[in-house]
Amino acid sequence: MAPIPVPSISPIGDHTRETRSKSSRGIGFKYLTRRAATSLLVILGVVTITFVVSRLVPSDPAQLYAGARARPEQVEQVRQDLNLDAPVLSQYVSYLGDLARGDLGVSFATRRPIAQDLRRFLPATLELALAATLLSMIIGIPAGVLAAARRSRLSDTFIRLFAVTGVSMPVFWGALLLQLLFASRLGWLPLAGRTDSRVTFDEITGFFAIDSLLSGSPSNFADVIVHLAMPVAVMAAYPLGLTIRLIRGSMLEVLGSDYIEAAQVAQVPRRTVLSRLALKNAVLPALTVLGLTFAYSVSSAFLVETVFAWPGIGKYLTDAVVRVDYPVIAAAAMAVTIVYVLVNLALDLIQARLDPRVVLG
């Protein structure tokens with residue numbers, strides 16, 4: 001009997017995986033391109049709105065720039081220098097061209113280039129927001145897991161009460177309470193400012209916690225940390241409460257899943273079930289909201305920076321609004337929008353990377 005020919009088996013699985021990998025890369029690139037285009041449209045929309053509003057407000061930018069005591073001919077000269085006598089559409093096109101070149105204009109009040117001010121003030125706000133977000137995640141994730149693991153017990157009630165308090169308390173009220181207790185009564189922490197007036201070091205990155213470490217002086221770093229303590233605590237109150245509530249809700253949903261019950265039936269240790277099985281899946285749904293708390297901290301920093309005299313973009317924008325400094329208002333709004341858009345884009349990509357169920361296409 002002739003032997004039955006055995007058909008050759010090609011590595012279909014490898015081919016399928018390779019094709020799927022190429023498809024995923026293509027879809028990811030398309031998704032990234034689409035999201036980048038959408039982000040640019042959002043930024044362009046904010047720039048357009050701020051430009052239009054600055055032209056609708058009943059005041060003369062040329063008069064503001066020239067000063068209250070300027071003569072009419074001086075005001076007219078300023079109007080020509082700032083291109084304010086051109087048609088609005090021409091001004092808008094010129095404004096977009098300046099932004100494309102990185103020219104954000106000059107402040108009416110300080111007469112300094114706005115880009116120079118943003119390089120100084122934006123890192124101060126980002127340092128606060130990063131520290132607050134990090135603190136909220138370090139404390140909020142374990143607290144949320146503990147509250148879910150001890151549901152309906154005294155510790156769960158206490159943690160939920162703490163979370164609701166953090167979300168509900170007004171920022172300025174929490175700031176004033178901390179100043180009254182730790183600065184005025186106890187004298188443990190400085191009342192305001194970013195550093196002591198006697199502390200000096202090179203501002204290499206603009207993040208004083210990093211720059212003080214690079215200076216090689218432990219006393220400089222300690223001074224920066226004690227000045228950060230109260231503003232960061234106040235700014236972290238809302239993200240912390242939100243993190244606890246999100247993690248607790250996600251953990252309760254995951255703990256009711258079939259695979260968790262199967263692991264418990266198999267007598268998998270409780271700590272392993274919580275840390276390795278449940279927490280990984282509970283963090284993913286809350287990842288976007290947790291990350292956007294950082295962008296929220298940047299956009300809402302003006303209250304904290306005003307109370308603590310923190311030289312960040314929030315206080316810079318508040319002072320510009322009081323002085324009706326239109327170029328600063330437009331540039332600061334654009335900077336905050338860019339931070340918000342970039343954080344949102346990064347979170348979408350991270351979530352798609354960590355969760356294979358997310359289809360980028």
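Student: Is A237 buried, partly exposed or exposed?

Tutor: Buried stands for under 20% relative accessible area, exposed for over 50%, and partly exposed for what lies in between, with a 1.4 Å probe and protein chains only. A237 has 25% relative accessibility and is therefore partly exposed. This is a predicted model, in which local features need pLDDT of at least 70 and side-chain atom pairs count only at pLDDT 80 or more, while totals for chains, interfaces and linings use all residues. Residues are numbered from 1 along each chain as its sequence is written, and side-chain values use heavy atoms, with hydrogens and water left out.

Student: Where does A237 sit, and which residues does A237 touch?

Tutor: Helices are DSSP runs (H or I, at least four residues), numbered from the N terminus. A237 belongs to helix α9, residues 218–255. Contact means heavy atoms within 4.5 Å; with residues up to four places away in sequence not counted, A237 touches G166 and V167. Between A237 and F162 there are 75 residues in sequence, yet their C-alpha atoms are 9.7 Å apart.

Student: Which residues have the most contacts inside the largest nonpolar core?

Tutor: A nonpolar core is a set of buried Ala, Val, Leu, Ile, Met, Phe, Trp, Tyr and Cys residues joined through side-chain atoms within 4.5 Å. Here the largest one has 52 residues, and L104, I114, L118, M235, F294 and I313 have the most contacts inside it. Helix α14 (residues 326–354) gives the most to this core, namely 11 residues. Another core, of 14 residues, lies apart from it and includes I141 and L274.

Student: Which residues of helix α13 are buried, and how are they placed around its axis?

Tutor: In α13, residues 313–323, the buried residues are I313, G314, Y316 and A320. The arc is taken from the directions that run from the helix axis to the C-beta atoms. The buried residues of α13 fall within an arc of 160°, so they line one face of the helix. Just after α13, V324 has a positive phi of about 55°.

Student: Which loop holds S152, and what is its phi?

Tutor: S152 is in the loop between α5 (114–149) and α6 (154–168). Its phi is near 70°, a positive value in a residue other than glycine. With 62% relative accessibility, S152 counts as exposed.

Student: What is the corresponding description of A309?

Tutor: A309 lies in the loop between α12 (301–307) and α13, and has a positive phi of about 50° although it is not a glycine. At 37% relative accessibility, A309 is partly exposed.

Technical notes: Helices (H or I, at least four residues) and strands (E, at least two) are DSSP runs, numbered from the N terminus.
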